[in-house]
Amino acid sequence: MKPTKMRNSLIYKATFHTRSKQLGSQLSDDLRKKYGKKSVRVIEGDSIKIVRGEFKGVDGKVSKVSTKKSSVAIEGVKKEKTKGDKFDVYIHTSNLVVTGLNTDDKWRISKLEGKKPTEKPKAVEEKPTKKEETAEKPKAVEKTKKEEATKETLVPKKGKKEVEK
């Protein structure tokens, strides 16, 4: 593919999905060991450290995320105009290291841990004891054939789903 077409598709005419993917940043060594991942998408509330550029060594929290610029604004990182006004400096996510994660989003954390976000934790799902199973057997005999016709259907490309009629 020509370089101009590649540049256009990744920078100037990028879809929201590809722009969102470009907002990834490296994880610190502690978080890498904990989650087994090398990078993560940066969101508001993450604690970061700047490793390159004018503000190298500054720690802070992400205050704004700009998908248009593929960069983030950090609390405390501001520049001053000649008239005295201060404005946010946007720093590209490749120049950052994530030192702390915003844990408000449970789906994000479960994805980082390598679990399926839709699954329930195994501790919540309880199996009935033998006494409970024997007590439920007389009720099971009363069921009609239509009620027993619960099937597991295979849905292509999506996995198994239970369907009850």
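## A walk through the predicted chain

K68 is exposed, because its relative accessible area is 70% and exposed means over 50%, buried under 20%, and partly exposed in between, with a 1.4 Å probe and protein chains only. You will find K68 in the loop between β4 and β5. The C-alpha atoms of K68 and S20 are 9.4 Å apart, although 48 residues separate the two along the chain.

Before going on, a word about the model: it is predicted, so local features need pLDDT of at least 70, side-chain atom pairs count only at pLDDT 80 or more, and totals for chains, interfaces and linings use all residues. Residues are numbered from 1 along each chain as its sequence is written, and side-chain values use heavy atoms, with hydrogens and water left out.

Now step back to the whole chain. Its secondary structure comes to 6 helices and 9 strands; these are DSSP runs numbered from the N terminus, with H or I and at least four residues for helices, and E and at least two for strands. Of the 165 residues, 23% count as buried. The chain exposes about 13,700 Å², and carbon and sulfur atoms supply 52% of that area. Accessible areas come from the Shrake-Rupley method with a 1.4 Å probe, and for residues only the protein chains shown count as cover. Among contacts with a separation of 6 or more, 41% are between residues 24 or more positions apart, where contact means heavy atoms within 4.5 Å.

Next, follow the sheet. It is open and has 7 strands, in the order β2-β1-β7-β3-β4-β5-β6, with mixed pairing. The edges belong to β2 (39-41) and β6 (86-92); each has a single partner strand, so one side of each is left without a neighbour in the sheet. From one strand to the next, the twist averages 55°, an angle between N-to-C directions that runs from 0 to 180 degrees, with axes as lines fitted to C-alpha atoms, for helices over the stretch in contact. Two strands pair if DSSP finds at least two bridges between them. Strands of a sheet pair through backbone hydrogen bonds, either parallel or antiparallel.

The loop that holds K68 leads us to a closer look at its two strands. β4 (residues 59-66) and β5 (residues 71-80) run antiparallel and are joined by 4 bridges. Across this pair, V62 stands opposite I74, and K64 has A73 as its bridge partner. Their hairpin has 4 residues between the strands, and S70 takes a positive phi near 55° there.

On the β6 side, β5 and β6 pair in the antiparallel sense over 6 bridges.

Two more places are worth a visit. S110 sits in helix α4 (residues 106-112) and is buried, with a relative accessible area of 13%. Leaving aside residues up to four places away in sequence, S110 touches K115 and P117.

Finally, turn to M1, in the segment before α1 (3-12). M1 counts as exposed because its relative accessibility is 79%.
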